[in-house]
Amino acid sequence: MEFFLELLVNGLLVGMMYALVALSFVLIYKATSVINFAQGELVMFGGFIAAAMLTHYGLPLAIALPAALGLMISFGFTLERGMLRPLIGRPVIAIIMATVGLASILRGLAPMIWGAATKDVPLPLPVRPLVLFDLFISPLNLAAAAASLVFLAGFGYFFKKTRTGIAMRAVADDQQAAMSMGIKVGSIFALTWGIAGLVSAIGGVIWGNFLGVDTHLALVGLKVFPVVILGGLDSVLGAILGGLIVGAVENVSAGFIDPYVGGGTKDFIPYVLMIITLMIRPSGFFGREIIERV
Amino acid sequence: MIYRECGVFKTSYAADMALYRAPLAKFAVAAVAVFCAVIVPLGTNDHLLSLANLVGIAVVGAIGLNILTGFTGQISIGHGAFMAVGGYTAAILSARYGMPFWVGLIAGGALAAVVGAGFGMPSLRIKGLYLAIATLAAQFIIEWAINHITWISGGVQSTIYVPRPTLGGVPLNSELRKYYMILAVAAAGYVFAMNLVRSRVGRAFMAIRDRDVAAEIIGVNIFAYKLLAFAISSFYAGVAGALFTYYLEIANYEQFTITVSVQYLAMIIIGGLGSVLGSVFGAIFITLLPIVLRWVVEGIWGLFAPPTSAMLDVLANLRLIVFGGLVIFFLILEPDGLYRLWRHVKDYFRVWPFAY
């Protein structure tokens with residue numbers, strides 16, 4: 001039982017870190033209906049930039065972190081301008097493949113600039129695990145969970161209350177109608193990608209600290225799909241919930257099944273979960289169901 | 001007899017459906033056949049032939065994916081995994097049960113078709129990006145199954161050694177003999193696809209691609225045809241995987257990872273979605289790209305310094321960058337791919353030397 005609880009709690013905390021990455025994905029899908037297969041690579045790129053700032057150029061955290069965030073925001077803007085805008089209105093496969101192409105470019109570019117060796121992202125967090133009710137919990141996981149919660153609350157407020165957030169929702173709902181109401185759809189798209197860059201950079205810092213920064217960091221992006229499918233592609237709350245479920249299920253099942261099959265359960269269980277969700281309820285827990293008309 | 005039509009002058013449905021639109025097409029097909037069957041094997045060495053073999057295998061796989069994605073509009077990111085099903089089926093049949101290679105080819109294709117149709121089931125309810133993600137799941141689940149079920153993977157490193165294929169007592173032991181084996185399969189696959197897409201089934205596929213709700217209303221059984229598209233496409237994938245396995249004489253899952261799935265998608269996008277000939281162009285392009293890139297990098301690097309391991313690192317990264325860059329370049333600037341460029345050339349010469 002204790003083993004189960006420990007697996008569950010740690011899984012939930014890792015799930016919050018998944019949720020952080022999924023948040024950026026959901027944001028892009030919600031506002032621009034682009035499915036971003038390069039999400040993991042964006043996180044990796046953010047991690048590379050942060051690691052380079054901190055260790056390669058030796059900047060203090062107070063300068064390096066904002067600089068990395070700023071760089072990733074402008075990178076997001078650039079992507080929207082250069083790559084996504086020409087593809088507006090094109091079939092799904094074109095957009096999917098464009099982000100797959102982007103993923104390939106980032107995977108080649110990052111090690112080319114900063115080298116392929118695994119880098120650290122040192123954060124001023126205690127390494128020793130905290131002990132709560134006999135459970136070992138790593139401070140990093142707690143910090144990541146806290147960051148995710150802050151972002152969740154922030155985005156919740158932003159989408160419900162602010163003018164820009166409401167405009168974003170309007171664009172997500174119907175681009176043409178939003179345009180005719182005087183919303184600048186282009187700037188909304190650019191803003192979305194900027195925010196996605198920001199969230200990815202934070203994901204990169206946290207995951208980079210957790211796993212170390214190299215091209216394998218991009219594999220985090222592959223876990224995003226089960227998370228968002230479970231939660232619903234266009235729901236911020238769903239991303240968090242999906243993250244928690246995927247984190248918990250994969251950690252618990254890996255703990256119990258791995259000894260029998262020799263590992264790898266973590267890479268496989270989330271996808272089974274996802275297929276089942278797709279069969280039963282394709283729009284996820286909180287996603288909007290789409291009604292089709294000819 | 002060597003002329004091309006300069007407009008649409010068809011007076012019957014048969015003429016409209018004809019494979020050879022003008023007499024010139026017959027000469028062109030004959031010329032390509034002679035080129036592939038005689039000139040390529042005679043005029044090249046083993047290294048170039050091995051490239052031709054890789055291209056041939058890629059052609060089979062790319063045509064299969066194009067039937068599903070280009071003609072039926074169902075995106076699949078699990079093509080590599082369906083190839084793995086075919087490859088491992090062939091390997092197990094040949095290595096453990098001593099089956100001849102053509103049985104392995106067909107059985108590999110058939111099992112891949114069954115598995116592909118199974119993973120295509122969700123396509124009734126979900127489409128577009130959801131389907132893309134579901135096929136992505138297929139990729140990971142199949143990969144995991146191959147790696148972790150020891151009966152399939154054979155245990156060590158998920159690698160099965162396959163006995164050398166023989167045909168009628170002749171061992172296919174040289175690049176040249178394997179070339180003919182692959183050429184025959186690729187040609188059969190090409191002809192079948194060309195005929196499929198102008199048949200009733202092919203038209204149903206295209207109707208589903210263009211607007212599935214409308215297709216259903218005019219009486220196309222969407223579910224059956226979507227599953228059929230998955231099955232045919234996966235059959236091609238399975239045959240390509242089996243061919244690859246017999247070619248390498250080894251089955252290894254690393255030949256069938258998600259990177260491979262993405263490469264096949266890139267082939268049909270760069271070659272041209274919804275075009276059988278385009279799949280061939282794309283297969284050639286993507287297969288030869290890393291080799292050409294290597295020549296270029298080695299050439300430029302060689303001007304300044306002797307080749308080192310640093311160059312190989314640069315090359316590996318550059319390969320990813322160029323690959324991604326080309327995909328985006330084609331998507332933005334030439335969405336219909338190389339096939340469109342080929343059409344431009346053809347259209348130019350249609351009434352040449354006159355302006356119109």
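The model is predicted, and local features need pLDDT of at least 70, side-chain atom pairs count only at pLDDT 80 or more, while totals for chains, interfaces and linings use all residues. Residues are numbered from 1 along each chain as its sequence is written, and chains are lettered from A and ligands numbered from 1 in the order in which they are written.

I followed B:L243 and noted that, not counting residues up to four places away in sequence, it touches B:I57, B:V60, B:L105, B:I182 and B:V185.

I then turned to helix α1 (residues 2-32) of chain A, whose axis comes within 9 Å of that of helix α8 (residues 185-211) of chain A and crosses it at roughly 170 degrees, which makes α1(A) roughly antiparallel to α8(A). Helices are DSSP runs of H or I with at least four residues, strands are runs of E with at least two, and both are numbered from the N terminus. Axes are lines fitted to C-alpha atoms, for helices over the stretch in contact, and angles run from 0 to 180 degrees between N-to-C directions; under 35 degrees counts as roughly parallel, over 145 as roughly antiparallel, 65 to 115 as roughly perpendicular and the rest as oblique.

The α1(A) side of this contact includes A:M17, A:L20 and A:V21, and the α8(A) side includes A:I188, A:F189 and A:W193. By class, the contact of α1(A) with α8(A) has 16 nonpolar, five polar and no charged residues, where Ala, Val, Leu, Ile, Met, Phe, Trp, Tyr, Cys and Pro count as nonpolar, Asp, Glu, Lys and Arg as charged, and the others, Gly among them, as polar.

I checked helix α9 (residues 220-231) of chain A, which has 12 residues and reaches 17 Å from its first C-alpha to its last, close to the 16 Å expected at 1.5 Å a residue, the expected span being 1.5 Å times one less than the number of residues. Because 11 of the 12 residues of α9(A) are buried, the helix is largely enclosed by the rest of the structure. Just after α9(A), A:G232 takes a positive phi of about 105 degrees.

Between the chains, I noted 38 residues of chain A in contact with 38 residues of chain B, contact meaning C-beta atoms, placed from the backbone, within 7 Å. On the chain A side, α4 (92-114), α9 and α11 (269-280) each supply at least two residues, and α4(A) gives the most, with 17 residues.

B:E249, in the loop between α11 (222-248) and β4 of chain B, has a phi near 60 degrees, a positive value in a residue other than glycine. I then looked at B:I250, which lies in strand β4 (residues 250-252) of chain B and is partly exposed, with 16 other C-beta atoms within 10 Å. Leaving aside neighbours within four places in sequence, B:I250 is in contact with B:T159, B:Y161 and B:V162.

Definitions and conventions
Buried ≥ 20, exposed ≤ 12 C-beta atoms within 10 Å, placed from the backbone. Contact = placed C-beta atoms within 7 Å.
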